[in-house]
Amino acid sequence: MKSIIKKQFIDCSDTDSFCFSLECPECGKVWKSTPVRFSKAGENSFTEEKRIVLKILYEREHAMALEKAAAEAATFFNLCPHCGKMVCDDCFMICEDLDICRSCAESLKETGEPISFAGWVAG
Ligand SMILES: [Zn+2]
Ligand SMILES: [Zn+2]
């Protein structure tokens, strides 16, 4: 599931920190990952060699932050097995036979409760 999330991420990273966002296609809610600061943020050694080193470090930390954000997003988003969309907990229905997104639940005439609601009941 992480690879699907990564494909749908919007990269909001800048030169100082890494951050990714994901939009729920059902309700349009935008989730943002916890920003991770680049370890060399604000570093000002601008020799050509240093720039190359910083660029490599940046790419490495960017990839790590992406992994972390995908793991984080996986706890808030769910993959609908019917339409293949990544929807947020509010739009993902726990149905009797199959857990699917809200619009698929409607079209397949399945009834259920959204995850967030089911969570309150349990919790
Ligand atoms: Zn949603
Ligand atoms: Zn669906």
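Student: Which residues have the most contacts inside the largest nonpolar core, and how many residues does that core have?

Tutor: This is a predicted model. Its largest nonpolar core has 23 residues, and F77, V87 and C101 have the most contacts inside it.

Student: Which elements give two or more residues to this core?

Tutor: They are strand 3, helix 2, strand 7 (86-88), strand 8 (92-95), strand 9 (100-101) and helix 3 (102-107). Helix 2 supplies the largest share, five residues. At least three residues come from each of domain 1 (2-75) and domain 2 (78-122).

Student: What makes V87 a contact partner of residues elsewhere in the chain, and which are they?

Tutor: The test is a C-beta distance within 7 Å. With neighbours within four places in sequence left aside, V87 meets that test with C24, P25, E26, F77, N78, C80, F92 and C101. Two of these, F77 and C101, are named with V87 as having the most contacts inside the core.

Student: How do you know that the length of helix 2 agrees with its number of residues?

Tutor: Helix 2 covers residues 48-73, which is 26 residues.

Student: Which residues of helix 2 are called buried, and what covers them?

Tutor: The buried ones are A65, L66, A69, A70 and A73. As background, an α-helix has 3.6 residues a turn, so residues three or four places apart point the same way.

Student: Why are strand 9 and strand 10 called edge strands?

Tutor: The open sheet has three strands in the order 9-8-10, with antiparallel pairing. Strand 9 and strand 10 (112-114) each have a single partner strand, so one side of each lacks a neighbour in the sheet.

Student: What makes strand 8 and strand 9 a pair?

Tutor: At least two bridges are needed, and these strands have two, in the antiparallel sense. In one bridge, F92 is partnered by C101 of strand 9.

Student: How many residues of domain 1 and domain 2 are in contact?

Tutor: Ten residues of domain 1 are in contact with ten of domain 2. On the domain 1 side, helix 1 gives the largest share, three residues. By class, that side has seven nonpolar, one polar and two charged residues. The C-alpha centres of the two domains lie 29 Å apart.

How values were computed:
Residues numbered from 1 in each chain as written. Chains lettered and ligands numbered in written order. Predicted model: local features only at pLDDT ≥ 70, side-chain atom pairs only at ≥ 80, totals over all residues. Helix = DSSP H or I, 4+ residues; strand = E, 2+ residues; numbered from the N terminus. Expected span 1.5 Å × (residues − 1). Buried ≥ 20, exposed ≤ 12 C-beta atoms within 10 Å, placed from the backbone. Core = buried A, V, L, I, M, F, W, Y, C linked by C-beta atoms within 7 Å. Domains from an automatic or database assignment. Contact = placed C-beta atoms within 7 Å. Nonpolar A, V, L, I, M, F, W, Y, C, P; charged D, E, K, R; others polar.
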